[in-house]
Amino acid sequence: MSADHGIAPTSDEERLAQLGYKQELHRRLSGFSNFAVSFSIISILAGAITSYGIAMTAGGPMAITLGWLFVGIMVTFVALAMAEVCSAYPTAGALYWWAAALAKKNKPAWAWFVGWFNFLGEVAVTAAIDFGAAITTSAFLSLAFDVEVTTGRTFLIFLVIIIVHGLLNTFGVNLVRLLSDVSAWWHLVGVAVIVGVLAVVPDQHKPVSEVFFEVQNATGFSFSGAGVYAVLIGLLMAQYTYTGYDASAHVAEETHDAARAAPRGIVLSVVVSVIAGFVLLFAITWSIQDYEGARTSDLALPPAQIFIDAVGHDLGTFLLFICMVAQWFCGMASVTANSRMSYAFARDDAIPGARIWKKVNARTGTPTNSIWLCVTLSILLVLPSLWNTTAYLAATSIAVIGLYIAYVGPVLLRRRLGDDFEPGPWNLGKWSAPIGWIAIVWVGVICVLFVLPTASPITASTFNYTIVAVAVVLGAATIWWFASARKWFTGPKQNLIEKAHHGEQID
């Protein structure tokens, strides 16, 4: 279908009115800023750095480099399929709103479950990003100022980071826009600097064949085929990094020409991350001097040790500083997206205390209460890290599974709708079906993959708690739905109804 045959509203406000909402948030984001928010949340200098150790332990260089490319291609299919739906419905509710619009029956139930997976996935991703930023900051402080890395100290740093992100988001979308734009350039220039230094300075590099094909397995599993299993488990590094690009949809009500700019932001943020991330990961892996030494480093962050080993203490610390700043930007953008989603969900009365969370600050045009709700829940999720080292792994896995179930729900419903779907100005035409089905199958694969055991022997401290967390989310949402919510949750509520009663024109 050509781009002109879809829904063609004359303005963003009118299209939003057709979807049933009045413009409440301030529409200040350009197409680049929309892309920048998602690109900042994917943040190759955050996810790929903080979770690099996952793939070093499970899979090694092959999982890091080729795994990144393979997962990146699969995620591009998911992003394309989501973007097509986003173009038709550019609203802050995004995934759960789309689910309600696309479901042929049981619309409120679809919206409810997709919404809860999206909401908790976003809280988990915000928690994982800022906790990862705290791990990187701890390593940086250790190198620059000889501050010892301890669990308690890392948690305190996490608290400072996430509270600062809450404050920055409270000041309004103009500040968020400026910081997101700076962040996008910081990431691209930062990657170029790191890659340049790692290519030129080290005296020796790993053979390129090893960078692509060497397999490492420090998981403790030794059954036949354990190496292949380790590589599959190690794909979590890449899959976790490629999360959060639904942010372009969540800030659609704050974006100019949202029906084109938001889908473009979703797809471009993934494609640019695949390419830039591959170059970055190749450079880091190529520069490894002492594999085991870096993997088990006291800094608790293998890339930091790789930098130091490859280019010396001072230059290595500087490279880590680039990553640390990028991660602060990343967490800030994550709080932005998370708060917009919870604001939209609360606007439809799906969260306890919705009256509080759906309030928009008239002066700043931001959902201030929602911002602090997300900050508080993220802190609660990271709290177990004080006792259990696998908390970060669990947070990343929950984020991946929760978000991807929410990402692909509307894609599945769109496929079931077939020709009844009315595309927006940005659409896939005849490629819609094959791309959509590949996306759905891939999400099914990762949902199985990331609940599997990651270490042997399986003990209380090595157990993969993801399955428990996902079961709790699904169980709680199901019990709540059947016990109460199905009686009052009607899916997305239109807030233009009162206007219509006063005789005002909606469309």
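**Cores, fold and surface of the chain**

The largest nonpolar core in this predicted model contains 163 residues. Trp98, Tyr245 and Tyr404 have the most contacts inside this core. Helix α6, which covers residues 107–145, gives the most to the core. Its contribution is 20 residues. A second core is separate and has six residues. Among them are Ala58, Ala226, Tyr229 and Ile233.

Tyr404 is itself one of the residues with the most contacts inside the largest core.

The chain as a whole was considered next. Its secondary structure consists of 22 helices and two strands. The radius of gyration is 22 Å, close to the 23 Å that the globule rule gives for 507 residues, so the chain is as compact as a globular protein of that length. The C-alpha trace spans about 75 × 50 × 45 Å along its principal axes. Of the 507 residues, 60% are buried. Among contacts with a separation of 6 or more, 84% join residues 24 or more positions apart.

The chain exposes about 18,600 Å². Carbon and sulfur atoms supply 66% of this area. A nonpolar patch on the surface is formed by Ile458, Phe463, Ile467, Val468 and Val472. Together these residues have about 420 Å² of accessible area. Val472 lies in helix α21, residues 466–488. Val472 counts as exposed because its relative accessibility is 52%, and the cut-off for exposed is over 50%.

Key: Residues are numbered from 1 along each chain as its sequence is written. This is a predicted model: local features need pLDDT of at least 70, side-chain atom pairs count only at pLDDT 80 or more; totals for chains, interfaces and linings use all residues. Side-chain values use heavy atoms; hydrogens and water are left out. Patches are made of residues with over 30% relative accessible area and no salt bridge: like charges are joined within 9 Å, nonpolar side chains (Val, Leu, Ile, Met, Phe, Trp, Tyr) within 5 Å. Accessible areas come from the Shrake-Rupley method with a 1.4 Å probe; for residues, only the protein chains shown count as cover. A salt bridge is a side-chain nitrogen of Lys or Arg within 4 Å of a carboxyl oxygen of Asp or Glu. Helices (H or I, at least four residues) and strands (E, at least two) are DSSP runs, numbered from the N terminus. Buried means under 20% relative accessible area, exposed over 50%, partly exposed in between (1.4 Å probe, protein chains only). The radius of gyration is taken over C-alpha atoms; the globule rule is 2.2 Å times the number of residues to the power 0.38. Contact means heavy atoms within 4.5 Å. A nonpolar core is a set of buried Ala, Val, Leu, Ile, Met, Phe, Trp, Tyr and Cys residues joined through side-chain atoms within 4.5 Å.
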